[in-house]
Amino acid sequence: MSLSGKTAVITGSNSGIGLGIAWELARAGANVVLNSFTDNEEDHALAEKIAKETGVTARYIKADMSKGDECRKLVEEAGACDILVNNAGIQHVAAIDEFPAEKWDAIIAINMNSTFHTMAAALPMMRKAGWGRVVNVASAHGLRASPFKSAYVTAKHGVVGMTKVAALETAKETITVNAICPGYVLTPLVEKQIPDTAKEYGISEDEAVEKVILAKQPSKEFATVEQIAGIAVFLCSSAADQITGTTISADGGWTAS
Ligand code: NAD
């Protein structure tokens with residue numbers, strides 16, 4: 001499948017799942033725009049490496065997804081946005097009565113509100129181009145809850161709801177809007193949760209992985225970044241033309257029960 005001539009904007013893509021999706025979309029021929037809130041040499045080097053190894057055009061644009069105007073500016077600066085991947089996300093683990101209000105605000109802004117702002121900027125560009133794909137990286141936590149993750153679960157449920165609304169609004173326009181709902185994928189975001197989870201439950205880090213983190217994932221295996229990226233590329237293919245307004249789970253059976 002070739003996505004050549006298409007431009008993909010992937011939020012939060014200097015690490016983990018977002019970076020993996022950028023690589024796979026580039027391998028499928030799309031020009032890619034990488035993003036995060038930093039502006040380091042390493043960020044730009046990632047784009048250069050993708051361009052060199054795949055032959056597509058790759059750029060890195062700094063924009064803070066906690067700020068609505070920067071979300072919109074990212075899409076505008078990209079100049080084209082045939083594929084929008086809303087992936088930027090953070091996590092904080094604490095009981096509701098101990099949850100810092102600023103962490104709540106940041107998670108809601110980055111994990112949920114950014115998706116509204118980037119879509120608001122990208123959908124008119126997709127309409128003009130006559131084709132578009134929005135892939136929202138939600139989570140199994142967009143479909144199920146866990147204790148101590150109030151902001152994350154709220155934001156991801158919001159993203160799943162917004163995905164359905166956007167799909168209905170674009171249903172007749174050769175634009176599809178879907179969400180991927182991964183279970184646990186071993187990325188820096190999850191690695192950071194291991195000590196926090198161990199602390200919340202008063203257990204060791206090994207026990208936190210086995211008894212808490214993968215407790216809900218019946219396969220007892222982490223999903224891989226490459227698997228999630230493969231789903232994103234599939235959603236951009238013509239085989240997925242009639243898939244819109246839905247979620248694709250990659251959670252080792254978590255949401256089966
Ligand atoms: P990660 O920490 O490796 O990546 C998160 C990305 O978001 C990074 O590139 C980071 O720089 C970026 N980011 C954070 N704050 C930002 C901001 N203010 N502005 C712009 N970019 C920002 O984590 P990951 O595991 O790759 O997570 C990616 C997405 O996948 C998130 O939305 C996460 O909720 C979701 N997800 C992850 C898992 C998992 O198990 N890892 C499971 C389900 C869903």
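Which strands does helix H8 lie across? Helix H8, residues 225–235, lies across E5, E6 and E7, and runs at about 165° to E6. Axes here are lines fitted to C-alpha atoms, for helices over the stretch in contact, with angles from 0 to 180 degrees between N-to-C directions. Helices (H or I, at least four residues) and strands (E, at least two) are DSSP runs numbered from the N terminus.

A word on the model before we go on. It is a predicted one, in which local features need pLDDT of at least 70 and side-chain atom pairs count only at pLDDT 80 or more, while totals for chains, interfaces and linings use all residues. Residues are numbered from 1 along each chain as its sequence is written, and side-chain values use heavy atoms, leaving out hydrogens and water.

Now to the sheet. Seven strands form an open sheet in the order E3-E2-E1-E4-E5-E6-E7, with parallel pairing; two strands pair if DSSP finds at least two bridges between them. At the edges are E3 (58–62) and E7 (247–250), each pairing on one side only. From one strand to the next, the twist averages 20°. E2 and E3 pair in the parallel sense over five bridges, and Asn35 has Ile61 in E3 as its bridge partner. Helix H4 packs on the sheet too, touching E4 (83–86), E5 (132–137) and E6 (175–182), and its direction makes about 175° with that of E4. Contact means heavy atoms within 4.5 Å.

Next come the domains, whose bounds come from an automatic or database domain assignment. That assignment gives domain 1 (7–185 + 223–250) and domain 2 (186–222). Their C-alpha centres lie 24 Å apart, and the contact takes 20 residues from domain 1 and 15 residues from domain 2.

Both domains also feature in the largest pocket: its lining draws at least three residues from each of domain 1 and domain 2. The volume of this pocket is about 900 Å³. On a 1 Å grid over the protein atoms alone, a pocket is an open set of points where a 1.4 Å probe fits, with protein on both sides within 12 Å along at least five of seven lines, and lining residues have an atom within 4 Å of a point. Of the 42 lining residues, Ala88, Gly89, Ile90, Leu189 and Lys192 are the closest to the pocket's centre. H1 (16–27), E2 (31–36), H4 (101–129), H5 (150–169) and H6 (188–201) each supply at least two residues of the lining, and H6 gives the largest share, six residues.

Notes. Points joined across faces, edges and corners; volume = space filled by probe spheres on them.
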